[in-house]
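Try each task before you read its solution.

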Amino acid sequence: MRSLTQQPFRTAVLVLVWGWLLFLVLTPNLLVVGASVMTRDPGSFISLPLTLDAYRQLLNPLYLEVFLHSLYMAAMTTLVCLLIGYPFAWALSKVGKRNQVLLIFLLIVPFWTNSLVRTYALKLILATNGLLNNALMSLGVIDEPMQLLYTEGAVIIGLVYLLLPFMILPLYSVFEDLQEDYLRASHDLGAGRLSTFIHVIVPLTLPGVLAGIMLVLLPAMGLFFVPDILGGSRNLLVGNVIKNQFLDARNWPFGAAASIMLTLAMAFLMFAHRLSKRRIGEDGV
Amino acid sequence: MKKLALAGALALGLAGCSGSEEPQVLNLYNWSEYMPQEVLDRFTEETGIQVVYTTYDSNEAMYARLKLLDESAAYDLAVPSTYYVSKMRQEDLLMPIDRSKIEGFDNLDPELVNLDVDPENQYSVPFLWGTTGIAVDTADVESEVTAWADLWDERFEARVMLTNDMREVFHVGLRVLGYSGNSTDPKEIEEAYEKLTELMPSVRTFNSDAPRMPYLEGETDVGMIWNGEAVMGRDTLESLEYVYPEEGIIAWLDSFVIPKNARNPEAAHQFISFVLQPEISALISEEIGYATPNLAARELLDDSVANDRASYPNATDMINAEFQTDIGDEALQVYAKYWEMLKSGQ
C-alpha cells in the first residue's frame, strides 16, 4: 500500500531533482567548459577551432597576482568572519531555545533584501560624509573624517557583512551538538578552561569551522559587485576579472577559463575538506 | 549588476504582458542619467506607447547585451557613442533608419551629421554630444588645474577620480604623452599604460555610473568627469568646476540607433522624432547638462544654459579636442590587456 502511494511522489521528486541538476547545473557548466576551449571571435564571441589559448593566457603572471590578491582578501574576510562568528555561534547555542529562534531569525532577515541593495547601504555608512564618520565626529572620537570608502578595508567589510551568516550557521550546528558531558569530564579530569577549550572544544567544533571557511572563502572570491561598489572598481576579485572578460574585453574563452579555474580551486578545497573530515573522524572521540 | 537585475525584471514583466497585446511598448536602452523622466512621461502621454527604460554605464556593456540579445529583440532603441555606431553598423547589427518617418532631422547641426562613422546617417540620429574633461572641487583644491598632466601632481594623492571607461582613461594617458587619444600603436598604448601606473596611487575610485557622485560625497577633489555630470553636480556642490584641459578635451557624440531585430521599430522612429522636437531637445539639454546637436533647440535654451561653457564650449575650449573613433578589434585587445593590468595594480 505505502509503496503504491509513495511511488509517484518519489518519481516526481527524482525527475525534478535530476532535471534540475541536468538543465541548471550540468548544461551551463558544460557550456562554460565548451566556451573555454573555443577561439575568441570579435563577431560572434566564440568560434572554432578548438584551442587551449585561453588556459595559456591564464598563466600570465598578471592573473596569478590577481588570483593571489583575491585569495588574500577572501582569506581576510574568512578570518574576520571566524573571529566574529565563533564566539557568536557559541553564545547562540547558550541562550536558550526561545532566544535562539529569535536570534537566528534576525540573522536571516537581511537575506530578504537583495545583497546589492545592502552593499549600497553600506556605502552610505562608510562614505566620507557618511553615517559612521558623522557619528564618530559628533561624538568627538575623530576630528577628521576617515577615508573608509574605496579602500581594501571597505571591500573586506562588505564581504564580511554579506558572508557572516554562512560562517555562523555551520558553527552554530556544531556547538549545538557539543555535549556538556565532555566539558564536565574535562573539568573533572583536571583540565583548566583554556586547555578544555584547546583540547576538547576546538577539535569538536573543527568540522563546523572548516565548513564555515568553505562557505565564506570561495564565494568571497566571486562577489564582483562588492569591489565595484565599495572598492571603487579597484581591489579586484577573480569575479571582476571574469565579468570584465565577458562584458568589456569580450574575451569569452578567457572568461570561461578563469571561471573554470575558480571552480577547480573550489573543488580542490572541498576535496581537502572531505579528507580532513575523515581524519578528524578517525582521531576524534 | 544592478542593471542586469533590472533588465531581467523588466524582461520578465514584459513576457508577462505580451499576451494581452494591447499597450504598445518601446524598449529604450540608454546610458544611465541620460534622459529626464519628464520626456518619457510626455512621450507616453502623447503617443500611448509605454517606455521600458533600461540603462548601461559603458558602450562595452551595451554592445555585449545587444549582441547577445540580437535574436530575442530585447531593445528597440539604443544610444551608442560615435565609435560604436560604426562598429555596430559594420557588424550588421543595425536597422536603417527610415528618414521619411523622422521629423526634424534638418534641425541638426551640419557639423554633427554625415560623420565618417555613419556617412549619410543611414543608421543613426544624433541625440546629444558632450565632452570628458576635468572636474575640480575648488573648495578643496587651491591652485589652478589646467591640464590633464596636473592630475599627476603629488598633492592629489588618493583624491583623484577617473571614469570607469577604458578608452577615456587611456585617452588621457595618451594625450599627456602627446599622442592621439585614438592611437592603435601598441608601443604608444604601452607607454600610456606606464604613464597611468604613475597616476594609480592617486586614484581613489573609477566611476562611470554617475561620475559626479564621488565629488559630491567628498571622496575625491579632482579628476575626470563628463560635462553634463559636472553641470548636474554643480547644483549640489557649487564649488565643482569644469576645466578644459590644455592637452585637449575628449569629445563624443551619442546617437540613436535601432537594433536590426527591434520588435517595435515604428515606436523607435516615433521616439526619435519626438526627441528631435526643438522644445524637447532643449528640455533635455537644460535638464541633464549635455549639448544638443539640435540647432533649433539651441535657440530655445535658457541663457544660463546656452552661455554655460561646461555644456556649450567655445572655440578655444575645443582646441586640441579629439573625437573618439573606432580603433578596431586588434587595438582593443591591447587596450583591454593594459586596462586590466592597470586596475589590478601591476
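**Exercise 1. Find how far apart the end C-alpha atoms of residues 101-121 and of residues 154-175 of chain A lie, and their helix content.**

Before starting, note that this is a predicted model, in which local features need pLDDT of at least 70 and side-chain atom pairs count only at pLDDT 80 or more, while totals for chains, interfaces and linings use all residues. Residues are numbered from 1 along each chain as its sequence is written, and chains are lettered from A and ligands numbered from 1 in the order in which they are written.

Step 1. Residues 101-121 of chain A are 71% helix and 0% strand, with end C-alpha atoms 26 Å apart. Helices (H or I, at least four residues) and strands (E, at least two) are DSSP runs, numbered from the N terminus.

Step 2. Residues 154-175 of chain A are 100% helix and 0% strand, and here the end C-alpha atoms are 31 Å apart.

Step 3. Now consult the record: an unreviewed UniProt entry annotates "transmembrane region" at 12-38, 66-89, 101-121, 154-175, 196-226 and 252-272 of chain A. UniProt positions are given in the numbering used here, feature names are shortened, and annotations may be inferred rather than shown by experiment.

**Exercise 2. Describe how α7(A) and α9(A) pack.**

Step 1. Helix α7 (residues 152-177) and helix α9 (residues 193-220) of chain A pack at about 160°, their axes 8 Å apart. Axes are lines fitted to C-alpha atoms, for helices over the stretch in contact, and angles run from 0 to 180 degrees between N-to-C directions.

Step 2. α7(A) and α9(A) are therefore roughly antiparallel (under 35 degrees is roughly parallel, over 145 roughly antiparallel, 65 to 115 roughly perpendicular, the rest oblique).

Step 3. The contact includes L159(A), L163(A) and F166(A) of α7(A), and T205(A), P207(A) and G208(A) of α9(A). Residues are in contact if their C-beta atoms, placed from the backbone, lie within 7 Å.

Step 4. By class, the contact of α7(A) with α9(A) has 15 nonpolar, 4 polar and no charged residues. Ala, Val, Leu, Ile, Met, Phe, Trp, Tyr, Cys and Pro count as nonpolar, Asp, Glu, Lys and Arg as charged, and the others, Gly among them, as polar.

**Exercise 3. Which element of chain B gives the most to the side that touches chain A?**

Step 1. The contact takes 24 residues from chain B and 23 from chain A.

Step 2. The elements of chain B giving two or more residues are α1 (2-17), α3 (59-68), β7 (203-206) and α13 (328-343).

Step 3. α13(B) gives the most, with 5 residues.

Step 4. By class, the side of chain B that touches chain A has 9 nonpolar, 6 polar and 9 charged residues.

Terms used
Two residues are in contact if their C-beta atoms, placed from the backbone, lie within 7 Å.
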